[in-house]
Amino acid sequence: MLKTQELFLKQALRVARQNDMAEKKKNMIDCQEVMQNLFLFLDHEVDEMTEEEISHHLTQCQSCLSRVKFEKGIEESIRKAEDTKASSGLHDRVGKILKKL
Ligand SMILES: [Zn+2]
């Protein structure tokens, strides 16, 4: 192999590696981005790629994971409260119907 060819290939390989690393860094999201998208993520309103990135981040980052668990807990208790309200509303309606009978 000619010396210039070898140098050229080495250079090309180095550029390719740098691009690859830059690409990986770009794809990695940080805690701030997770927090920015947290509610959308919980509502499944982020795009597939972001959802995957956040999920991946959560497997690596304990602090974001506990934040997600915390938010999910709040969300669930709100949902439970709404359920209770809904069923008591239903209870009232059923009660009124029964009175008419
Ligand atoms: Zn994090």
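Predicted model: local features only at pLDDT ≥ 70, side-chain atom pairs only at ≥ 80, totals over all residues.
Val34, Asn37 and Phe41 in helix 2 meet Thr50, Glu51, Ile54 and His57 in helix 3. I begin with this contact because, in general, a pair of packed helices is described by the angle between the axes and the distance between them. By class, the residues that join helix 2 to helix 3 are 3 nonpolar, 3 polar and 1 charged.

Helix 2 and helix 3, the latter covering residues 48-60, pack at an angle of about 115°. Their axes are 11 Å apart, and the crossing of helix 2 and helix 3 is left-handed. On the spacing of the contact residues, a general point applies: an α-helix has 3.6 residues a turn, so residues three or four places apart point the same way. In helix 2 the residues that meet helix 3 are Val34, Asn37 and Phe41.

Helix 2 itself deserves a word. It spans residues 31-42, which is 12 residues. From its first C-alpha to its last, helix 2 reaches 15 Å, close to the 16 Å expected at 1.5 Å a residue.

His44 lies in the loop between helix 2 and helix 3. Is His44 buried or exposed? His44 has 7 other C-beta atoms within 10 Å, and is therefore exposed.

Met28 has its place in the loop between helix 1, residues 3-27, and helix 2. Met28 counts as exposed because 12 other C-beta atoms lie within 10 Å, and 12 or fewer is the cut-off for that class. Met28 and His56 are 28 residues apart in sequence, yet their C-alpha atoms are 9.1 Å apart in space. His56 belongs to helix 3. With 13 C-beta neighbours inside 10 Å, His56 counts as partly exposed.

A second pair of residues concerns helix 4. Ile78 is found in helix 4, residues 62-100. Ile78 is exposed, because it has 10 other C-beta atoms within 10 Å. Between Ile78 and Arg14 there are 64 residues of separation along the chain, and their C-alpha atoms are separated by 53 Å.

Finally, I come to the chain as a whole. The protein chain has 4 helices and 0 strands, so that, by the helix and strand assignment, its elements run α-α-α-α from the N terminus on. How does the radius of gyration stand beside that of a compact globule of 101 residues? The globule would have a value near 13 Å, but the protein chain has 27 Å. Taken along the principal axes, the C-alpha atoms of the protein chain fill a box of roughly 100 × 25 × 15 Å. Of the 101 residues, 5% count as buried.

Met28, between helix 1 and helix 2, is exposed. His44, between helix 2 and helix 3, is also exposed.

Key:
Residues numbered from 1 in each chain as written. Helix = DSSP H or I, 4+ residues; strand = E, 2+ residues; numbered from the N terminus. Expected span 1.5 Å × (residues − 1). Axes fitted to C-alpha atoms, helices over the stretch in contact; angles between N-to-C directions. Left-handed = near helix turned anticlockwise from the far one by under 90°. Contact = placed C-beta atoms within 7 Å. Nonpolar A, V, L, I, M, F, W, Y, C, P; charged D, E, K, R; others polar. Buried ≥ 20, exposed ≤ 12 C-beta atoms within 10 Å, placed from the backbone. Rg over C-alpha atoms; globule rule 2.2 N^0.38 Å.
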